Structures are given as structure tokens and as C-alpha cells.
Amino acid sequence: MQVRDSNGMIMSMDGSMDLASGNMLAYLHFTIGEDILWFQGWVPQGSGAMFGACVGLFLLALVDRWIAACRAMMEAHWAKRAQIAYANNLNANGNSEKNTVIPPSTVGNVLLMRRAPPFILAHDIVRGIMHAGQAALTFAFMLAVMTFQLGFIISIVIGLGVGETLFGRYTHAGTTLH
């Protein structure tokens, strides 16, 4: 299909879009040497480079699932530590006698502790850094998928599946440990 621009130039709507250093195919494809992976210079030109890019994406997907498993296990550990710190705080306030019922004024605090752990700087900074790392990987995967290169997409999907197979039990165990 050809379309005339306002200045009389013929613009073709078929084929790929011209970019600064390559073409972008706006459909699913296996074409090698057409897709920029994250940076302008990262265009796998040969089959070896394409294989290397796919292996790299596969490994990054494994890392993403590993980080998710680490986060879940750390959350369970932090929840236990927060409960211990809260119990120690209650004991320090004079509630250390055996068979003592928690005073009504602190029952609400105990229920809140069960729902939302307290802000502990050491825990929350690490939680934020790990979440930011996972978000960065997710955005990188999104950009790789947006190239429409099936090799990239399949590598990411298989990597996430293998990563979930290897590390998923830790992710789910972390949510049930506390």
C-alpha cells in the first residue's frame, strides 16, 4: 500500500520501519539482524549473536524468579523478626509475667502487628532495592518482547518457566511460613 504525503512523496506502509541503524519489524518474526535489544549497538547480526542474546535473556529470566524467591523467604524471616521485636517490646513494658493477658489498650496493636509489620529501616531498604531490581528486569523483558522477535520472547517465557520450576516452591513457602 502506498500513500502520498502532503508534499507529494510516496510513503510505503508495507515493510519495516526505518530506524537509525536498522529496521523494526512490527510483527512476530525470527529474522536475525533486524532487532535492537535495549541499546542501539545491541543488534544480534548472526546466528551466534542471536543465540547468545537468547541465552542471556533466558538467564535473566532465571534471575528474576530467583529474586522473587529470595524476596518471599526474606519477607517470612522479617515477619518473624518483627513479631519477636514486638513481643520483646511488650515484655519490656511490663507484660512479662506468666499468664498475663495483654491489656485492652494493646489488643489493637497486636492485631495491627498481624496485618502490617512495623517499619524497620534495614528490612525496608533491602525490600525496596530488591523490588526495584525486579521492576527493572520486568521493564527490560517488556522492551525485549516489544521487538516482536520470537527468539527473544520464547527465551524469556522458557526462562521464567524454568525459573519458577526451580525457585517457585521457595516463593510459595515464604508466604506460608509466618
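**A loop residue and its surroundings**

Modeller: This is a predicted model. Leaving out residues up to four places away in sequence, Gln-149 touches His-29, Phe-30, Thr-31, Asp-35 and Met-50.

Biologist: Where is the place of Gln-149?

Modeller: Gln-149 sits in the loop between H3 and H4.

Biologist: Is Gln-149 buried or exposed?

Modeller: The relative accessible area of Gln-149 is 1%, so Gln-149 counts as buried, the cut-off being under 20%.

Biologist: Which backbone nitrogen lies 3.0 Å from a polar atom of its side chain?

Modeller: That of Gly-151 lies 3.0 Å from a polar atom of the Gln-149 side chain.

Biologist: Now the core. Which residues have the most contacts inside the largest nonpolar core?

Modeller: They are Leu-37, Leu-57, Phe-141, Ala-144, Phe-152 and Ile-156, in a core of 13 residues. At least two residues of this core come from each of helix H1 (47-92), helix H3 (121-145) and helix H4 (150-176).

Biologist: Which of them gives the most to this core?

Modeller: H1 does, with six residues. In soluble globular proteins, nonpolar side chains tend to be buried together.

Biologist: Take Val-162. Why does it count as partly exposed?

Modeller: Because its relative accessibility is 32%, which falls between the cut-offs of 20% and 50%. Val-162 is in helix H4.

Biologist: Back up to the whole protein. What pattern does it follow along the sequence?

Modeller: The pattern reads β-β-β-β-α-α-α-α, with four strands and four helices in the protein.

Biologist: How much of the protein counts as buried?

Modeller: Of its 178 residues, 26% count as buried. The accessible surface comes to about 11700 Å², and carbon and sulfur atoms account for 67% of it.

Biologist: And contacts between residues at least 6 apart in sequence: what share join residues at least 24 apart?

Modeller: The share is 63%.

Notes: Residues are numbered from 1 along each chain as its sequence is written. This is a predicted model: local features need pLDDT of at least 70, side-chain atom pairs count only at pLDDT 80 or more; totals for chains, interfaces and linings use all residues. Side-chain values use heavy atoms; hydrogens and water are left out. A nonpolar core is a set of buried Ala, Val, Leu, Ile, Met, Phe, Trp, Tyr and Cys residues joined through side-chain atoms within 4.5 Å. Buried means under 20% relative accessible area, exposed over 50%, partly exposed in between (1.4 Å probe, protein chains only). Contact means heavy atoms within 4.5 Å. Accessible areas come from the Shrake-Rupley method with a 1.4 Å probe; for residues, only the protein chains shown count as cover. A polar contact is a pair of N or O atoms within 3.5 Å; within protein, one must be able to donate a hydrogen and the other to accept it, and residues adjacent in sequence count only if both atoms are side-chain atoms.
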